[in-house]
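Hello,

Here is the structure we talked about. Please look it over; my notes follow below.

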Amino acid sequence: MNFKLFKKIKWIIVVVFVGIVVWVNSTVTKKLWLSSGSEQAGLVSRVRKTSSSQFSGTEPYTDKRANTVALDSTLQYMQEHPQDFPIKEYHQLKGETLESPMGTLVSYKFYQENIPIVGFQIDFRVSRTGKVVLISKSYYPLPKLHLDNKEWLSIDEILQSQDNVYRLSDEKEKLTVSNAIIWVDPVSQWAQLAYVVPVFSLLSKKKVPEQAIFSVTTGQLLAREHSKSEFDRFKKP
Amino acid sequence: MNFKASKISLFFYSILILSLLSSCGRLVTECGGTPLNVSRLVGIEKSAFQSTSKAYLLTPNPLDATGNISVQSFDSVLGNVLDTYFLPRLSVSTRLENSFLKVRINSVGDDANLLAYPNSNGEFRFDVPDVHYGETMAYHSISAIQAYVEELGFQTNKSKPLFVMVRAQGSTSDPSEVNAFYDHNRFNPQALGRELKLFGETAHAPRQDRDIYWHEFGHYFLESITLERGIDDSGDRGAIFSEGAAIHECLADYGAESLSNRGYIGRWVARNFSEYPAGTPLRSAEKVNDDLNNYNQVNYFNPSGTNLDRYRLGEWCSRVLWDIRTQIVTENSDEGRFYADRTIFSAASILAKNSSVTDLKSALLQADEELNCGIHQRSISQAFQSRGFSSEVSSLQSPLTIKGSLSWLSEERGSFAFNFVITNPNPQSARNVRLVLESPDGSFSPVIPQQSYGDLGPGRTITVGVQGALPIRYSVKGAVDLSRNYRGTRYLLKVKSENGQETIIPGAL
């Protein structure tokens with residue numbers, strides 16, 4: 001070898017060699033990763049085509065802007081783990097997705113005959129690599145409720161039965177049976193049909209609006225959702 | 001050894017070592033988040049929106065804009081110093097609303113003819129005291145922060161609109177009473193939308209302050225990115241205090257402060273409260289001489305209940321986040337603040353139901369790992385540690401004890417609560433002590449199912465409902481149907497802490 005020539009060009013060789021190594025690490029590796037991701041996408045496509053679901057007849061209806069790939073991934077996850085997700089055929093799921101820097105957030109809310117079941121929710125995160133991660137789960141196989149509204153109390157009757165402790169916070173708001181929900185306590189596993197009523201509590205000195213949840217059949221107070229109120233604790237100058 | 005041969009050997013060993021080094025570790029492209037469009041973020045930060053609709057505002061508010069701590073909204077000089085802004089995403093040029101954001105004055109159903117309308121030049125230009133100025137500030141402020149979080153990569157829940165009432169009525173008829181309410185309506189899927197209501201007609205009305213809108217948007221944003229799973233479920237359901245509520249306030253403050261690039265919030269609205277000297281901010285994420293810098297000062301239970309205040313723990317929390325942000329900005333002065341915000345908000349998105357400070361720290365570490373290759377793990381841990389919080393706490397040797405009695409609430413038909421004393425018999429502190437009420441068979445409803453009391457020191461007690469102690473509203477609460485026979489209805493009282501065994505007390509009505 002001509003050592004003088006070698007001496008002149010050796011650093012060029014080093015730079016070129018290191019550059020090749022770095023390029024291989026970043027580019028080729030990335031391509032390999034993408035191809036494995038594509039395989040997963042293909043798997044999701046196959047799941048979508050079969051369309052049959054353990055949630056028979058209750059195909060999740062989705063916002064048209066939703067990430068259907070993420071929805072399919074999470075549905076498949078639930079199908080593959082039926083012991084963890086014993087979802088009844090009479091419960092409908094509505095899947096919603098939100099994109100975030102850490103992947104796609106997927107939330108399933110539940111309904112029975114189009115009445116929302118408040119207290120049931122299953123949240124996932126589908127990471128940027130396609131991995132499905134369960135964030136939280138609140139569901140149990142609630143027996144099917146009878147939703148016959150013939151014996152439901154009116155909201156006026158309910159407020160009177162509460163000794164008028166509450167009054168409507170927005171008199172103009174039309175309150176009908178469409179405000180009905182199925183209120184669930186997932187810890188103790190009981191549920192009741194309920195109204196959600198925007199009220200003020202007359203027991204409170206500062207009338208902070210809230211949503212009161214009353215049983216439609218007995219008028220019993222089940223829960224209250226409080227507003228976030230910023231300045232209750234301050235005095236005026 | 002032949003000198004030339006040794007040089008050749010050295011050369012090839014160098015190449016070998018360099019190639020090995022270049023294949024070690026992880027590339028940011030593999031383990032980090034997608035790069036941010038920094039130029040667009042800077043543009044949003046400067047409110048450089050493209051629009052034909054012009055507005056005139058003083059941001060963030062007249063006090064911070066002029067630097068005059070004595071300024072009031074009706075000072076005539078303010079009309080001469082309004083800045084020009086462009087309003088993005090208006091559905092029509094004559095209304096301050098779009099498909100998601102709807103600005104109103106009093107209520108959701110306001111007559112459109114009463115709302116702000118542009119002048120003959122198509123400009124939304126009003127005097128600062130004018131309610132229409134407040135509507136304009138509302139629209140611009142919320143549009144700006146909405147654009148910011150979207151550019152960071154967060155999609156928000158727009159399935160329902162956000163109604164903003166800048167001078168709401170209904171809960172109080174006193175115009176000097178200042179307040180701000182946010183209703184996400186998490187329990188009412190059929191609600192018309194989310195509602196943000198501002199109250200008060202004063203010389204420093206909330207509607208004139210961008211800080212208020214950015215803070216309140218933070219509540220909506222947090223509920224949205226957590227898919228409304230209830231990171232403060234107990235607070236939503238009436239708990240006086242919870243760590244989830246503190247985290248809510250913390251993140252809402254942080255978002256407003258970070259986008260402002262200003263480590264405090266609320267100098268304008270604080271002028272309404274006698275506790276704050278003129279020019280003092282409502283809260284500050286930057287260290288000041290107060291008792292909110294160390295976790296021990298804000299989260300330990302004391303008999304007066306001073307620390308059962310979500311804003312105390314929330315402000316401490318915002319200082320931890322600010323410390324993390326400051327470190328990231330130090331590493332990257334041009335772009336660091338955006339990556340800090342993305343990391344912190346991403347952490348928020350994976351918080352659990354009824355979250356705690358412990359959960360927040362874990363989420364931050366996880367978000368940093370997934371978005372930044374974990375290069376800030378030490379900074380994050382150090383930020384918590386330096387402000388007195390360690391997630392490594394000793395396990396309690398013995399469970400907490402509780403002695404109590406049931407008390408029917410005379411003012412609320414069919415409702416009951418508990419007088420009790422919770423004791424920590426251990427030489428260690430109990431972290432995040434909570435009292436939980438459960439109905440094993442659904443015979444009564446836990447209306448306030450959980451209350452939190454912070455950390456309980458060794459040998460200390462929490463007393464509620466006894467004369468001289470905290471009032472009974474700090475207790476859990478249940479309600480029965482009086483038309484049914486409720487005698488014998490079973491309940492479970494549970495005392496929980498993060499570092500101890502649960503104490504379960506069964507009972508019957």
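Which residues in H10(B) meet which residues in H13(B)? On the H10(B) side they are B:Val320, B:Asp323, B:Ile324 and B:Gln327. On the H13(B) side they are B:Ser379, B:Ile380, B:Ala383 and B:Phe384. By class, the contact between H10(B) and H13(B) holds five nonpolar residues, two polar and one charged. Before going further, please note that this is a predicted model.

The geometry of that helix pair is as follows. H10 covers residues 310–331 of chain B, and H13 covers residues 377–386 of chain B. The two helices pack at an angle of about 145°. Their axes are 9 Å apart. The crossing of H10(B) past H13(B) is right-handed.

Chain B overall

Chain B has 509 residues, and 50% of them count as buried. Its secondary structure comes to 13 helices and 18 strands. The C-alpha trace of chain B spans about 95 × 85 × 45 Å along its principal axes. Now take the contacts in chain B with a separation of 6 or more: residues 24 or more positions apart account for 70% of these.

A three-stranded sheet in chain B

Three strands of chain B form an open sheet in the order S2-S1-S4, and the pairing is mixed. Strands S2 (83–86) and S4 (123–124) of chain B stand at the edges. Each has a single partner strand, so one side of each is left without a neighbour in the sheet. Strand S1 of chain B (residues 54–57) runs parallel to S4(B), and two bridges join them. Within that pair, B:Ala55 has B:Phe124 as its bridge partner in S4(B). Helix H5 of chain B (residues 131–152) lies across S1, S2 and S4 of chain B. H5(B) runs at about 110° to S1(B).

Where chain A meets chain B

The contact takes 63 residues from chain A and 68 residues from chain B. Several elements of chain B each supply at least two residues of the side that touches chain A. They are helices H1 (3–22), H6 (210–225), H11 (336–349) and H12 (357–372), plus strands S6 (179–183) and S13 (445–448). H1(B) gives the largest share of that side, with seven residues. By class, the side of chain B that touches chain A has 31 polar, 22 nonpolar and 15 charged residues.

What does S6(B) pair with in chain A? The partner is strand S11 of chain A (residues 228–229). The two strands pair in the antiparallel sense over two bridges. There, A:Ser229 stands opposite B:Phe181 in S6(B).

S6(B) also pairs within chain B. Five bridges join S6(B) to strand S7 of chain B (residues 194–199), and the two run antiparallel. B:Ala180 has B:Leu198 as its bridge partner in S7(B).

Is S6(B) largely enclosed or left open? Five of the five residues of S6(B) are buried, so the strand is largely enclosed by the rest of the structure. B:Asn179, B:Phe181 and B:Asp183 point one way from S6(B). B:Ala180 and B:Tyr182 point the other way.

Domains in chain A

The domain assignment of chain A gives domain 1 (51–138) and domain 2 (155–226). Eight residues of domain 1 of chain A are in contact with seven residues of domain 2 of chain A. Strand S4 of chain A (residues 115–126) gives the most to the domain 1 side, with six residues. That side of domain 1 has five nonpolar residues, three polar and no charged.

One residue in chain B

Last, B:Pro506. B:Pro506 sits in strand S18 of chain B (residues 503–508). Is B:Pro506 buried or exposed? B:Pro506 has 11 other C-beta atoms within 10 Å, and the cut-off for exposed is 12 or fewer, so B:Pro506 is exposed. Leaving aside its neighbours within four places in sequence, B:Pro506 is in contact with B:Arg490 and B:Leu492. B:Asp211 is 295 residues from B:Pro506 along the chain, and their C-alpha atoms are separated by 47 Å.

Best wishes

Technical notes: Residues numbered from 1 in each chain as written. Chains lettered and ligands numbered in written order. Predicted model: local features only at pLDDT ≥ 70, side-chain atom pairs only at ≥ 80, totals over all residues. Domains from an automatic or database assignment. Contact = placed C-beta atoms within 7 Å. Helix = DSSP H or I, 4+ residues; strand = E, 2+ residues; numbered from the N terminus. Nonpolar A, V, L, I, M, F, W, Y, C, P; charged D, E, K, R; others polar. Buried ≥ 20, exposed ≤ 12 C-beta atoms within 10 Å, placed from the backbone. Pairing = 2+ DSSP bridges. Axes fitted to C-alpha atoms, helices over the stretch in contact; angles between N-to-C directions. Left-handed = near helix turned anticlockwise from the far one by under 90°.
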